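I set out here what I looked up in one structure, entry by entry.

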Amino acid sequence: MKVYKPQWQCTFSVNETAEESANWKERIAWRLRGIADRLEGGGRTLKINYDVSPIVSQDEVDTCLGKGFELTQRLLTQLAHQQACEDVMRHAKAELYEEYQSS
């Protein structure tokens with residue numbers, strides 16, 4: 001009896017700046033992205049690199065990335081809510097936080 005063994009590989013990376021090994025074209029592209037971020041304000045440019053084997057469709061990749069960004073948005077919203085609650089508590093009950101402020 002023959003045994004079949006599935007094989008797959010996935011590499012995924014996110015960059016915010018040019019890597020040290022980047023060539024001049026990549027460095028210029030990152031400088032332009034930085035200028036665009038400053039002009040638009042309030043944003044952040046990320047470059048996503050991935051290599052999946054066996055190949056999956058672009059639609060499947062887009063779906064996965066979309067779900068990842070949805071999760072990121074939920075997590076950031078939760079963090080903002082928690083920080084807002086803490087800010088209210090620090091204002092309303094400052095005496096509870098005095099120990100940490102003097103340290």
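**Basis.** I worked from a predicted model, in which local features need pLDDT of at least 70 and side-chain atom pairs count only at pLDDT 80 or more, while totals for chains, interfaces and linings use all residues. Residues are numbered from 1 along each chain as its sequence is written, and side-chain values use heavy atoms, with hydrogens and water left out.

**Cysteines.** I searched the whole structure for disulfides (pairs of cysteine sulfur atoms within 2.5 Å) and found 0. Cys 10 is in none, and the nearest cysteine sulfur, that of Cys 64, is 8.7 Å away. I then looked up accessibility, where buried means under 20% relative accessible area, exposed over 50% and partly exposed in between, with a 1.4 Å probe and protein chains only. Cys 10 has 51% relative accessibility and so counts as exposed. Cys 85, at 38%, counts as partly exposed.

**Aromatic rings.** I noted that Arg 33 lies over the face of Trp 30, 4.6 Å from the ring centre; the rule asks for NZ of Lys or CZ of Arg within 6 Å of the ring centre and within 35 degrees of the ring normal. Between Trp 30 and Tyr 50 I recorded 20 residues in sequence and 18 Å in space, C-alpha to C-alpha. Tyr 50 is partly exposed, because its relative accessible area is 34%.

**Largest pocket.** Which residues line the largest pocket? I listed Cys 10, Phe 12, Tyr 50, Val 52, Val 56, Glu 60, Val 61, Cys 64 and Leu 65. A pocket is an open set of points on a 1 Å grid over the protein atoms alone where a 1.4 Å probe fits, with protein on both sides within 12 Å along at least five of seven lines; lining residues have an atom within 4 Å of a point. Two or more lining residues come from each of β1 (9-15), β2 (47-53) and α2 (58-92), named as DSSP runs numbered from the N terminus (helices H or I, at least four residues; strands E, at least two). The largest share, 4 residues, comes from α2.

**Peptide bond.** Ser 53 and Pro 54 are joined by a cis peptide bond, with omega about 0 degrees. I placed Pro 54 in the loop between β2 and α2. Most peptide bonds are trans.
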